[in-house]
Amino acid sequence: RFLTAGSVDDGKSTLIGRLLYDSRAILADQMAHLEHKAAGEAIDLSLLTDGLEAEREQGITIDVAYRYFATPKRKFIIADAPGHEQYTRNMVTAAAGSDAAVVLVDVTKLDWQTQPVVLLPQTRRHALLAKLLRVPSIVFAVNKLDAVDDPAQAYAAVRGALLAFAEHAGIEVAGVIPVSALRGDNVTQPLDAPWYDGPSLLQVLES
């Protein structure tokens, strides 16, 4: 059981959609709905958690959404925690029973070319809450690397900032994983890049 956390619009819904899509956990009618909405364009995987979007638009309390998928190695329950600051208590609910936390970091929101890299408050808050609630494994997923000019340098800079923050906060980090949830880079299949030879996000979760 793991939760996805992080700031608003960091790509949590797309990441969950990608995990479900790549592990073939999407029902035929859901797939047909996505393809209909896409109208010939690329499928928007974030719509797989659009029940939360409807709640958000109505301005009511957002609950934690649970999604299920399995690989040959392990069964997973994803607790999708809302990113908005006012719903932090719901993230606490999700973290309380989780074996791992995936904290998403949107690289496009950070000035990674300036040292030291300043992390978003919600990134730090969710990581600290996961530690406080004794989530055994905390993983940072550096997302949207497909949207920057120099992904190798961006990943290295943000990874350094995350590890420095984690050390200062006493957080044991199970991994800092570069991903593109939109393209599916390094989510379920290992990344084919000269600057990274580590595991994919799913491989870390399976371990």
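How many bridges join β2 to strand β3, and do they run parallel or antiparallel? Six bridges join them, and the strands run antiparallel. The legends below describe a predicted model: local features need pLDDT of at least 70, side-chain atom pairs count only at pLDDT 80 or more, and totals for chains, interfaces and linings use all residues. Residues are numbered from 1 along each chain as its sequence is written, and side-chain values use heavy atoms, with hydrogens and water left out.

View 1. β2 covers residues 65-70 and β3 residues 75-80. Helices (H or I, at least four residues) and strands (E, at least two) are DSSP runs, numbered from the N terminus. Two strands pair if DSSP finds at least two bridges between them. Four residues lie between β2 and β3 in the hairpin. Tyr68 stands opposite Ile77 of β3.

**View 2. The two faces of β2.** Ala65, Arg67 and Phe69 form the covered face. Tyr66, Tyr68 and Ala70 form the uncovered one.

**View 3. Helix α1.** This helix spans residues 12-22. Nine of its eleven residues are buried (under 20% relative accessible area; exposed is over 50%, partly exposed in between; 1.4 Å probe, protein chains only). Among them are Lys12, Arg18 and Leu19. Just after α1, Arg24 takes a positive phi of about 55 degrees.

**View 4. Phe2 in the largest nonpolar core.** The core has 60 residues (buried Ala, Val, Leu, Ile, Met, Phe, Trp, Tyr and Cys joined through side-chain atoms within 4.5 Å). Helix α6, residues 151-169, gives the largest share, eight residues. Phe2 and Leu3 have the most contacts inside the core. Beyond neighbours within four places in sequence, the contacts of Phe2 (heavy atoms within 4.5 Å) include Leu19, Phe69, Ile77 and Leu205.
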